[in-house]
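Dear colleague,

Here is the structure I promised to pass on. Please look it over first; my notes on what turned up follow below.

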Amino acid sequence: WIFDQQVHCINPEDLGEEPAQVLLTPQEVFGGDTKTIIIPVDASSDVVVIESRRATGYSDLWPDGEAGLLVYTVNPSVGQLDLMSRESQRSCGNTDDFSKWAYYLYPDHVDIERSNCRDFVEALVREGDTLTHRGLLISLEFSDSELDYVSIEALAEQS
């Protein structure tokens, strides 16, 4: 799918005054230096994954023009799952009752209570959008057909 050297890892503790800036090549576009960003927010329960996606290639069945970042959290502590469990498929996000291995994170402007969490289009972070998750601010600064300019910064801790 992608080569190890196309994965860019960011340790949240290394985020200083300036945001990390990464150029991401969409998964559907051949080549590119960086295809995925990995941020271990809490290595035992929350690893953020950022991918650039386009409605082309193996995603050509997507609605025309859909493009942006898909950001999701992976919980490596979730053991073996019944991946076909209806209970886990009915809920959005993660709960102790029906723990999921991964689920989408949504741009800040999306009302999660009113969204259809089974529709990935609502989860797309588009140019100008921000996504806030556990002390991180992720934004898509610029997007064209073959490259996304992503900014990741640590938010100041609230006291």
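Helices (H or I, at least four residues) and strands (E, at least two) are DSSP runs, numbered from the N terminus. By that rule the protein has two helices and nine strands. Their order along the sequence is β-β-β-β-β-α-β-α-β-β-β.

Two notes on the source. This is a predicted model, where local features need pLDDT of at least 70 and side-chain atom pairs count only at pLDDT 80 or more, while totals for chains, interfaces and linings use all residues. Residues are numbered from 1 along each chain as its sequence is written, and side-chain values use heavy atoms, with hydrogens and water left out.

Overall numbers. The protein has 159 residues, and 41% of them count as buried (buried is under 20% relative accessible area, exposed over 50%, partly exposed in between, with a 1.4 Å probe and protein chains only). Take the contacts with a separation of 6 or more: 53% of them come from residues 24 or more positions apart (contact means heavy atoms within 4.5 Å).

Strands pair if DSSP finds at least two bridges between them. Five strands make an open sheet with mixed pairing, in the order E1-E3-E4-E5-E6. Neighbouring strands here are turned by 30 degrees against each other on average, direction ignored (axes are lines fitted to C-alpha atoms, for helices over the stretch in contact, and angles run from 0 to 180 degrees between N-to-C directions). E1 and E3 (residues 36–42) run parallel and are joined by three bridges. Cys9 sits opposite Ile38 in E3.

Ala43 lies between E3 and E4 (46–54). Ala43 counts as exposed because its relative accessibility is 58%. Ala43 and Ser77 are 34 residues apart in sequence, with their C-alpha atoms 8.8 Å apart in space.

The four-stranded sheet. This one is also open, is antiparallel, and has the order E2-E9-E8-E7. E2 (20–24) and E7 are at its edges with a single partner strand each, so one side of each has no neighbour in the sheet.

The pairings in order:
- E2 and E9 (residues 147–154) are antiparallel, with five bridges. Gln21 stands opposite Ser151 in E9.
- E8 and E9 are antiparallel, with eight bridges. Leu140 faces Val150 in E9. The two strands form a hairpin with two residues between them.
- E7 and E8 are antiparallel, with four bridges. Thr130 has Ser139 in E8 as its bridge partner.

Arg134 deserves a look. Arg134 is in the loop between E7 (130–133) and E8 (136–144). Its phi is near 45 degrees, a positive value in a residue other than glycine. Most residues other than glycine have a negative phi. Arg134 is partly exposed, because its relative accessible area is 48%.

Best wishes
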